[in-house]
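Biologist: I'd like to learn how to read packing and contacts in a model like this one. Can you walk me through it?

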Protein chains: 2
Amino acid sequence: MKETTRTDVNELGEFGLIDHLTKQFEIKHSSTVKGVGDDAAVINNGNWLTVVSTDSLVEGIHFDLMYSPLKHLGYKSVVVNLSDIYSMNAIPHQILVSIAISNRFSVEALDAFYEGVRAACDHYKIDLIGGDTTSSNKGLFINVTAIGRARPERLSYRNGARPGDILCVTGDLGAAYLGLQILEREKQLFLDNPDLKPDLEDEKYLVGRQLKPEARGDIIGVMAKEDIIPTAMIDISDGLASEIYHLCKESEVGILVEEGKVPIHPDTERVALNFNMDPISCALSGGEDYELLFTVDPGDLEKIVTMPDVYIIGEVTVKEQGAVLKTTGNNFHRLTAQGWTHFQK
Amino acid sequence: MKETTRTDVNELGEFGLIDHLTKQFEIKHSSTVKGVGDDAAVINNGNWLTVVSTDSLVEGIHFDLMYSPLKHLGYKSVVVNLSDIYSMNAIPHQILVSIAISNRFSVEALDAFYEGVRAACDHYKIDLIGGDTTSSNKGLFINVTAIGRARPERLSYRNGARPGDILCVTGDLGAAYLGLQILEREKQLFLDNPDLKPDLEDEKYLVGRQLKPEARGDIIGVMAKEDIIPTAMIDISDGLASEIYHLCKESEVGILVEEGKVPIHPDTERVALNFNMDPISCALSGGEDYELLFTVDPGDLEKIVTMPDVYIIGEVTVKEQGAVLKTTGNNFHRLTAQGWTHFQK
């Protein structure tokens with residue numbers, strides 16, 4: 001390749017790179033309601049809105065086949081994409097699954113992968129409608145595109161949060177990240193001594209959160225039933241801090257998070273301390289939780305407090321206040337954005 | 001990986017593998033009009049139909065960066081997907097572009113790739129609405145999903161051909177394959193002697209067909225103007241023989257192709273002979289032409305003969321006749337299906 005200048009992609013970071021690469025593209029069709037810049041794109045068909053999202057999983061980057069069973073990997077590949085559709089307050093209906101495989105994969109190995117895809121399709125009521133199956137020289141590459149739909153008035157973007165809104169999160173945070181730390185540790189022990197058998201029985205919860213996450217379609221269902229439309233919503237794939245950064249940026253607001261209110265599972269607490277890590281740091285920066293982070297109008301407070309597995313963790317403030325963490329010791333820390341470079345080795 | 005049986009994926013072939021992997025998936029939504037098994041999937045939104053297709057391009061399999069300029073590669077990645085939408089007689093409006101890149105790619109290299117993506121978006125009036133940008137340990141992976149729309153009554157599937165229909169093809173065939181042969185030859189010469197400068201000036205047409213193909217949106221436009229709806233249509237990505245096999249299988253018909261009528265460019269004729277190849281074999285099995293192969297009702301004959309760059313190459317027969325090539329010497333050969341294994345080294 002002949003180049004006069006060479007800028008390393010890491011200089012821009014993930015979000016900077018995407019901005020840089022896509023900023024010169026113009027929208028040409030009035031049917032394109034939302035292009036690049038949210039969890040999913042939105043297309044107007046004159047009736048329902050079509051919501052589309054795509055995500056890649058790359059061997060050696062997003063998963064390690066030493067400890068990721070292919071069935072789980074198939075399941076997770078679907079789930080991470082469904083999560084993007086749910087985070088628009090839309091319902092996913094269809095997926096396309098593309099894989100590039102080297103010849104070290106047998107038909108039986110692919111069967112296991114597709115068994116996982118099918119399990120996710122059955123669980124979330126999704127139709128597999130297409131994809132591409134091709135060769136690679138090395139490594140397994142997975143790309144899934146998910147398609148959903150929503151009535152225009154029900155969609156939640158990242159940009160609708162207003163000062164005074166309540167900040168909520170589902171489930172618990174940081175577990176998937178610690179699950180990964182456990183798997184990496186066991187892998188190292190195994191590589192050092194192949195006679196050792198990893199015992200993951202005690203850490204089923206954390207390891208399960210890493211290998212077989214779920215998308216919160218259940219929450220979207222409850223929201224529809226309770227007639228709650230989040231003013232803004234995003235799924236937690238890169239960690240709470242990163243998603244808060246996106247909400248602040250897109251909604252042009254500040255956000256105050258109370259450390260003591262961030263839901264953290266007891267196993268996460270325990271294992272974080274084992275690894276000499278701060279549990280709240282795992283929640284803020286760990287990622288891959290696939291929980292929903294959203295803001296609602298204060299008028300919805302009564303409905304929110306009775307919703308199962310939804311936690312109020314803070315509030316939306318004005319832009320000038322920025323993204324702030326109020327610690328349990330009543331200190332205030334500025335939250336910083338973290339993209340893909342954060343936990344990279 | 002623990003496996004009791006190991007079946008090599010090549011035993012099933014590309015199409016067998018896709019059938020095998022997807023046959024156990026059930027369609028759950030009435031909005032899913034067409035799932036796996038055509039050029040694109042079709043979703044009913046109650047008004048327009050949404051047509052979706054996805055295709056991957058993998059370094060070392062689909063392209064070689066030694067002779068594929070990144071700008072051309074960006075352009076081609078879009079075009080091969082648009083071609084799938086056009087081949088449904090639909091109009092593409094949006095794309096999602098995902099790439100996985102190793103750290104050997106600079107921002108400038110990605111800029112060149114996206115410059116090609118943008119050139120295709122501008123030329124075909126397409127909105128880039130999303131994608132995923134991620135790392136890979138090795139190799140460049142590209143996945144594009146294209147989304148288009150059509151009125152239900154205008155869509156052309158692979159399964160609508162009827163005995164007596166006219167078989168047509170656009171453009172000319174075999175050129176992209178010979179372009180690849182030239183590029184591979186020049187690469188070998190260069191590797192043997194890096195002082196040699198490849199002179200591709202004389203073979204601009206063939207090399208251009210390989211590196212920067214076009215999708216036949218122009219033909220879809222003329223069809224709409226002339227009010228022609230192909231009874232069946234498919235784009236030529238794997239070679240004429242393979243696409244004829246698909247039309248025969250999906251429409252449950254036979255097809256007779258006349259060798260003398262298959263459009264072949266003079267450069268293709270000349271260079272095929274240089275490579276000791278039969279030009280018709282290049283047209284039948286070469287692939288990557290991204291021309292349209294379609295069948296029309298005999299009542300449309302008058303309209304078809306006046307359409308620019310459309311050639312009548314045969315007719316649809318009954319299933320029992322199978323897929324047959326009538327040679328210029330009046331011999332009859334059975335055409336066999338060819339998938340991805342055909343030209344693999």
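**Reading helix packing and contacts**

Modeller: Let's start with two helices: A175(B), A176(B), L178(B), G179(B), L180(B), I182(B) and L183(B) in α4(B) meet Y205(B), L206(B), V207(B), R209(B) and Q210(B) in α5(B). Contact means that C-beta atoms, placed from the backbone, lie within 7 Å; helices (H or I, at least four residues) and strands (E, at least two) are DSSP runs, numbered from the N terminus. By class, this contact has 9 nonpolar, 2 polar and 1 charged residues. Ala, Val, Leu, Ile, Met, Phe, Trp, Tyr, Cys and Pro count as nonpolar, Asp, Glu, Lys and Arg as charged, and the others, Gly among them, as polar.

Biologist: And where do the numbers come from?

Modeller: This is a predicted model: local features need pLDDT of at least 70, side-chain atom pairs count only at pLDDT 80 or more, and totals for chains, interfaces and linings use all residues. Residues are numbered from 1 along each chain as its sequence is written, while chains are lettered from A and ligands numbered from 1 in the order in which they are written.

Biologist: At roughly what angle do the axes of α4 and α5 of chain B cross?

Modeller: Two packed helices are described by the angle and the distance between their axes. Here helix α4 (residues 175-192) and helix α5 (residues 204-211) of chain B have axes that come within 7 Å and cross at roughly 100°. Axes are lines fitted to C-alpha atoms, for helices over the stretch in contact, with angles from 0 to 180 degrees between N-to-C directions. α4(B) and α5(B) are therefore roughly perpendicular (65 to 115 degrees).

Biologist: How many residues of chain B are in contact with chain A?

Modeller: 70 residues of chain B are in contact with 71 of chain A. On the chain B side, α1(B) gives the most, with 8 residues.

Conventions. Parallel < 35°, antiparallel > 145°, perpendicular 65-115°, else oblique.
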